[in-house]
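Work through the exercises below with the sequence and the 3D view open. Try each task before you read its solution.

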Amino acid sequence: PRGQKWTLSVSDRNDLNRQIVKADSATLVIPDIDFEIPPATQRGTISTLEGILTKSANALESQQAERLQLGDLDNFHRCHGVIERLRQYAGK
(Lines give C-alpha, C1' and ligand atoms only; values in the text may rest on other atoms or scores of the structure.)
Protein backbone atom coordinates (compact mmCIF):
# COMPACT_ATOMS: atom_id res chain seq x y z
CA PRO A 1 0.00 0.00 0.00
CA ARG A 2 1.12 3.54 -0.77
CA GLY A 3 1.38 6.22 1.84
CA GLN A 4 -0.21 9.61 1.80
CA LYS A 5 1.35 13.00 1.28
CA TRP A 6 0.17 15.90 3.39
CA THR A 7 1.27 19.47 2.80
CA LEU A 8 1.01 22.20 5.41
CA SER A 9 1.57 25.77 4.34
CA VAL A 10 2.45 28.09 7.19
CA SER A 11 1.06 31.56 6.60
CA ASP A 12 0.94 32.92 10.16
CA ARG A 13 2.00 32.16 13.73
CA ASN A 14 -1.22 30.23 14.46
CA ASP A 15 -0.22 27.58 11.91
CA LEU A 16 2.71 26.63 14.19
CA ASN A 17 0.14 25.42 16.73
CA ARG A 18 -1.15 22.77 14.33
CA GLN A 19 -0.97 19.36 15.93
CA ILE A 20 1.05 16.83 13.96
CA VAL A 21 1.18 13.09 14.45
CA LYS A 22 4.42 11.75 12.99
CA ALA A 23 3.97 8.03 12.54
CA ASP A 24 6.85 5.57 12.75
CA SER A 25 6.96 5.30 8.96
CA ALA A 26 6.52 9.01 8.19
CA THR A 27 9.08 11.38 6.77
CA LEU A 28 8.71 15.09 7.45
CA VAL A 29 10.29 17.33 4.81
CA ILE A 30 10.94 21.08 4.84
CA PRO A 31 12.04 21.73 1.27
CA ASP A 32 12.89 25.42 1.81
CA ILE A 33 15.96 24.46 3.84
CA ASP A 34 16.55 20.98 2.44
CA PHE A 35 15.72 19.44 5.84
CA GLU A 36 14.24 16.00 6.41
CA ILE A 37 13.20 14.08 9.50
CA PRO A 38 13.40 10.40 8.49
CA PRO A 39 11.07 7.65 9.74
CA ALA A 40 13.50 6.45 12.44
CA THR A 41 13.64 9.92 14.03
CA GLN A 42 10.92 11.41 16.27
CA ARG A 43 8.79 8.37 15.52
CA GLY A 44 5.36 8.15 17.04
CA THR A 45 5.53 11.84 17.98
CA ILE A 46 2.43 13.86 18.71
CA SER A 47 3.35 17.53 18.87
CA THR A 48 2.71 20.91 17.36
CA LEU A 49 4.67 22.02 14.32
CA GLU A 50 6.51 24.47 16.59
CA GLY A 51 7.40 21.62 18.95
CA ILE A 52 8.77 19.44 16.16
CA LEU A 53 10.86 22.30 14.74
CA THR A 54 12.23 23.17 18.18
CA LYS A 55 13.02 19.54 19.02
CA SER A 56 14.84 19.14 15.70
CA ALA A 57 16.90 22.29 16.26
CA ASN A 58 17.81 21.15 19.78
CA ALA A 59 18.81 17.68 18.56
CA LEU A 60 21.06 19.13 15.87
CA GLU A 61 22.57 21.63 18.29
CA SER A 62 23.35 18.94 20.86
CA GLN A 63 25.83 17.43 18.37
CA GLN A 64 27.55 20.68 17.40
CA ALA A 65 30.38 20.39 19.94
CA GLU A 66 31.18 16.91 18.67
CA ARG A 67 31.25 18.16 15.08
CA LEU A 68 33.77 20.83 16.09
CA GLN A 69 35.84 18.37 18.08
CA LEU A 70 36.03 16.06 15.06
CA GLY A 71 37.06 18.98 12.87
CA ASP A 72 33.97 18.60 10.68
CA LEU A 73 33.70 22.34 10.06
CA ASP A 74 31.68 22.10 6.84
CA ASN A 75 28.99 20.04 8.54
CA PHE A 76 29.17 22.26 11.65
CA HIS A 77 28.44 25.39 9.60
CA ARG A 78 25.78 23.68 7.48
CA CYS A 79 24.02 22.45 10.63
CA HIS A 80 24.34 25.88 12.25
CA GLY A 81 22.44 27.38 9.30
CA VAL A 82 19.72 24.74 9.53
CA ILE A 83 19.41 25.23 13.31
CA GLU A 84 19.00 28.98 12.79
CA ARG A 85 16.31 28.46 10.14
CA LEU A 86 14.42 25.89 12.23
CA ARG A 87 14.39 28.29 15.18
CA GLN A 88 13.34 31.13 12.91
CA TYR A 89 10.48 29.03 11.55
CA ALA A 90 9.48 28.05 15.09
CA GLY A 91 9.40 31.72 16.08
CA LYS A 92 12.20 31.30 18.63
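The model is predicted, so local features need pLDDT of at least 70 and side-chain atom pairs count only at pLDDT 80 or more, while totals for chains, interfaces and linings use all residues. Residues are numbered from 1 along each chain as its sequence is written, and side-chain values use heavy atoms, with hydrogens and water left out.

**Exercise 1. The whole chain**

Task: State how many helices and strands the chain has, and in what order the elements run.

Solution. 
Step 1. Helices (H or I, at least four residues) and strands (E, at least two) are DSSP runs, numbered from the N terminus.
Step 2. Counting these runs gives 3 helices and 4 strands.
Step 3. Read from the N terminus, the order is β-β-β-β-α-α-α.
Step 4. Along the principal axes, the C-alpha atoms fill a box of roughly 40 × 35 × 20 Å.
Step 5. Of the 92 residues, 29% are buried. Buried means under 20% relative accessible area, exposed over 50%, and partly exposed in between (1.4 Å probe, protein chains only).

**Exercise 2. A strand pair**

Task: Find how β1 and β4 run relative to each other and how many bridges join them.

Solution. 
Step 1. Two strands pair if DSSP finds at least two bridges between them.
Step 2. β1 (residues 19–22) and β4 are joined by 4 bridges and run antiparallel.
Step 3. S47 lies with T45 on the covered face of β4 (residues 45–48), whereas I46 and T48 form the uncovered face.

**Exercise 3. Salt bridges**

Task: Locate the 2 salt bridges of the structure.

Solution. 
Step 1. A salt bridge is a side-chain nitrogen of Lys or Arg within 4 Å of a carboxyl oxygen of Asp or Glu.
Step 2. R13 and E50 meet this rule, with their closest N and O atoms 3.5 Å apart. The two residues are 37 residues apart: R13 is in the segment before β1 and E50 is in helix α1 (residues 49–62).
Step 3. R13 is partly exposed, at 46% relative accessible area, but E50, at 15%, is buried.
Step 4. R87 and E61 form a salt bridge too, the closest N and O atoms being 3.0 Å apart. This pair joins helix α3 (residues 73–89), which holds R87, to helix α1, which holds E61, across 26 residues.
Step 5. R87 is partly exposed at 23%, and E61 is partly exposed at 41%.
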